[in-house]
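Subject: Structure handover

Hello,

Here is the structure I promised to pass on. My notes follow below it.

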Amino acid sequence: MTPSSFSALGLSTPLLQAVKDQGYTHPTPIQLQTIPAVLAGKDVMAAAQTGTGKTAAFALPLLQRLTGSKAGTNHIRALILTPTRELAIQVAESFAAYGRHLPLKSGVVYGGVKINPQMMQLRGGLDVLVATPGRLLDLFSQNAVQFSQVETLILDEADRMLDLGFSDDLGKIMALLPKKRQSLLFSATFSDEIKRLTGQLLHQPVRIEVSPPNSAATGVKQWVYEIDSAKKAALLSHLLRNRAEGQVLVFTRTKKGADRLVGQLKREQISAAAIHGDKSQTERTRTLADFKAARIRVLIATDIAARGIDIHDLPRVINFDLPKVAEDYIHRIGRTGRAGAEGEAISLVSADEVPLLTAIETLLRRLLPRETVAGFVPKHNVPLTTLQKAKPKKPKKPKKTTVPAQPQAEPPPNRHRKPRWTGNKEEDTPKTRGKQGRGRGAVAGPKGAGPKGAAPRPNRTTPKKKNRG
Ligand code: AMP
């Protein structure tokens, strides 16, 4: 037993067996720190991006703590809230895998699918419920779920939850939970708003940070191809044919853009499918399963839909468009290089995207190496970028992420507030939940490496000349 083994962390035999079944040999850094704290019943605030093994970090000790008693009818004992349906499914699958040798029941509820089977599932009580906030409130309003036995609350990807406009729903849910409970909060980034939320939710939390926030997985090589926007689709096909082997996850900013690319790639006999907020949950789940089983080579996703996608050994992520919100870049490239694996994150950048590139590079605290591809050299110069100085932060007024004083028995029907997240035109947010039901449905010290066989242009911190070619 080495000091960094799972057994040294105090996990029980059924959990150690499940970890072994998964093929995990050593705990990841987040697991090393989080598991003992959770087992000791402490509140935890963890800065951990997806891909670090954070799910097992909270699921394993939680399952251990829950072992020994049972949930009453319609009751739940642990609640895990996630921002997206995909992440909810992913987390629930992890609980099922880690808890397979334990007599505990876990389930998952999210919007966009029929509510009745979820009500049935809750009837017998569940030890662990993974949920998206809107659907959980719907179930509560129909008396399908009771919260008085909740011992532990986990907010997974809390930053994303706030970005997507779930802060009101979170406040309502908090007000319904017993005050005496263990609370854990995981977030890739720590904005002032998240810090405020932790102040309200957590009691003397253990603070855990496994890699500096706003950074990217160290095993991921990142670089940019300069390209005219009208030539991006042709460059993508070229890369898929000649440079990018294996499966690729491509990000577009819009749903239409994703669909257009699928059509184009299919015409070129490249198997591709899209996953975004206009697809039904059934389609999204099927497409993801097809991609995971390698029946599809290229998965094209918008930011929201991609959240929660966990694909083993994904070698490459291509940003067809840069995200409008710089933090999304970190989340996107967190899809590759997961759990210590190597990966490549390629961004196709046109002249009009330079401000977005600057914001991303400033967040990463480094300039990304640039390349051009023969035959695709842009006519419109992509100006060189410089890192911006961090703006001094204005003190903000506290926002109402507060826990309402009176528990509300029913979620108010008013769903017209605007999600504060304005980056993408994806629509799976509280604002647009009505369509398919409610609920909806990444890491530092980056390397400056470029593609194999290509010599990346050196980074420059000051533009040498405004116009090249
Ligand atoms: P997460 O950050 O929870 O999304 O996990 C990212 C990936 O790492 C998942 O595919 C997990 O199955 C995998 N993983 C989690 N813990 C370990 C571990 N200790 N060793 C190897 N892989 C792991």
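Strand S9 (residues 248-251) and strand S11 (residues 298-301) pair in the parallel sense, over 4 bridges. Helices (H or I, at least four residues) and strands (E, at least two) are DSSP runs, numbered from the N terminus. Strands pair if DSSP finds at least two bridges between them. This is a predicted model: local features need pLDDT of at least 70, side-chain atom pairs count only at pLDDT 80 or more, and totals for chains, interfaces and linings use all residues. Residues are numbered from 1 along each chain, as its sequence is written.

Val-250 stands opposite Ile-300. Phe-251 stands opposite Ala-301.

S9 also runs parallel to strand S12 (residues 316-319), joined by 4 bridges. There, Val-248 has Arg-316 as its bridge partner.

Both faces of S9 are covered. Val-248 and Val-250 are buried on one side, Leu-249 and Phe-251 on the other. Buried means that 20 or more other C-beta atoms lie within 10 Å of the residue's own; 12 or fewer is exposed, in between is partly exposed, and C-beta atoms are placed from the backbone. In a regular strand, side chains alternate between the two faces of the sheet.

Now the whole sheet. It is open, has 7 strands and pairs in parallel, in the order S10-S11-S9-S12-S13-S8-S14. Strand S10 (272-275) and strand S14 (370-371) stand at the edges with a single partner strand each, so one side of each has no neighbour in the sheet.

Helix H14 (residues 326-333) lies across strand S8 (220-226), S9, S12 and strand S13 (343-349). H14 runs at about 155° to S12. Axes are lines fitted to C-alpha atoms, for helices over the stretch in contact; angles run from 0 to 180 degrees between N-to-C directions.

H14 also meets helix H15 (residues 354-364). Their axes come within 8 Å and cross at roughly 70°. H14 and H15 are therefore roughly perpendicular. Angles of 65 to 115 degrees count as such, under 35 as roughly parallel, over 145 as roughly antiparallel and the rest as oblique. Ala-326, Glu-327 and Tyr-329 of H14 make the contact with Ala-359, Ile-360 and Leu-363 of H15. Contact means C-beta atoms, placed from the backbone, within 7 Å.

Next, another helix pair. The axes of H2 (residues 29-39) and H3 (residues 54-66) come within 8 Å and cross at roughly 25°. H2 and H3 are therefore roughly parallel to each other. Their crossing is right-handed. Among the H2 residues in contact with H3 are Ile-30, Thr-34 and Val-38. The H3 side includes Phe-58, Leu-60 and Arg-65.

Last, one residue. Met-161 sits in helix H7 (residues 158-163). Met-161 counts as buried because it has 25 C-beta neighbours inside 10 Å. Leaving out residues up to four places away in sequence, Met-161 touches Leu-81, Pro-83, Leu-155, Phe-166 and Leu-170. Met-161 and Pro-133 are 28 residues apart in sequence, yet 9.0 Å apart in space, C-alpha to C-alpha.

Best wishes

Definitions and conventions: Left-handed = near helix turned anticlockwise from the far one by under 90°. Contact = placed C-beta atoms within 7 Å.
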